[in-house]
Amino acid sequence: MTSVATTPLTSAGLENLMTTLLERFETARLEEEAGNGNKMRVPMQAEIRSLDFWRSIVAECLASFFLVFIICGSFIPWSGHTPPAISIALASGFSVAALTLSFAQISGAHLNPVMSLALLVTRKISPMKALLYVTSQGGGAIAGAALLYG
């Protein structure tokens, strides 16, 4: 049995590890795109520093917040009566339509982590953007539910 020597991970070592990992992802992505003949994308390090990237992350968080707030809010019996199913269905449909029209130009209006993962699998968005979209969508949904609960 061989023993593996472990070294403590310092902040400089962690930063170096993350930089190396991002560079490897970037070279693998660029090699694949060159092989497929696709147009070149922005490198991950440049993408993460852009204002449009962070604007789209915040937009996805807000879209998920409003989606959960509107749809879950339509289930609440405000005057003591259970809302009819047609009002819940209309609230769901109109909220998805309105949010898609509002946020499509900013972030693509994924509104759902499954949509973000599907676009990641088909390579329409980068892995970094997909990870942050899913995280922000989850945070927005939790915040929308928390506001209704409060």
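## Basis of the model

Helices, taken as DSSP runs of H or I with at least four residues, and strands, taken as runs of E with at least two, are numbered from the N terminus. The structure is a predicted model, in which local features need pLDDT of at least 70 and side-chain atom pairs count only at pLDDT 80 or more, while totals for chains, interfaces and linings use all residues. Residues are numbered from 1 along each chain as its sequence is written, and side-chain values use heavy atoms, with hydrogens and water left out.

## Annotated spans

An unreviewed UniProt entry lists residues 57-79, 85-109 and 130-149 under "transmembrane region"; positions are given in the numbering used here, feature names are shortened, and such annotations may be inferred rather than shown by experiment. In the model, residues 130-149 are 100% helix and 0% strand, with end C-alpha atoms 28 Å apart. Residues 85-109 are 92% helix and 0% strand, and the end C-alpha atoms of that span lie 26 Å apart.

## Helix α4

Just after α4, Gly108 takes a positive phi of about 95 degrees.

The buried residues of α4 (under 20% relative accessible area, with exposed over 50% and partly exposed in between, for a 1.4 Å probe and protein chains only) are Ile88, Ala91, Ser95, Leu99, Phe103 and Ser107. These buried residues pack against α3 (51-73) and α6 (127-149), contact meaning heavy atoms within 4.5 Å.

## Nonpolar cores

A nonpolar core is a set of buried Ala, Val, Leu, Ile, Met, Phe, Trp, Tyr and Cys residues joined through side-chain atoms within 4.5 Å. The largest has eight residues, namely Met44, Phe53, Ile57, Ile125, Met128, Ala130, Leu132 and Tyr133. Two or more residues of this core come from each of α3 and α6, and α6 gives the most, with four. Leaving aside residues up to four places away in sequence, Met128 touches Leu22, Met44, Ile48 and Phe53. A second, separate core of seven residues includes Ala63, Leu99, Phe103 and Ala109.

## Cysteines

Cys61 counts as partly exposed because its relative accessibility is 27%, and Cys72 counts as partly exposed because its value is 36%. With a disulfide taken as a pair of cysteine sulfur atoms within 2.5 Å, the count of disulfides is zero.
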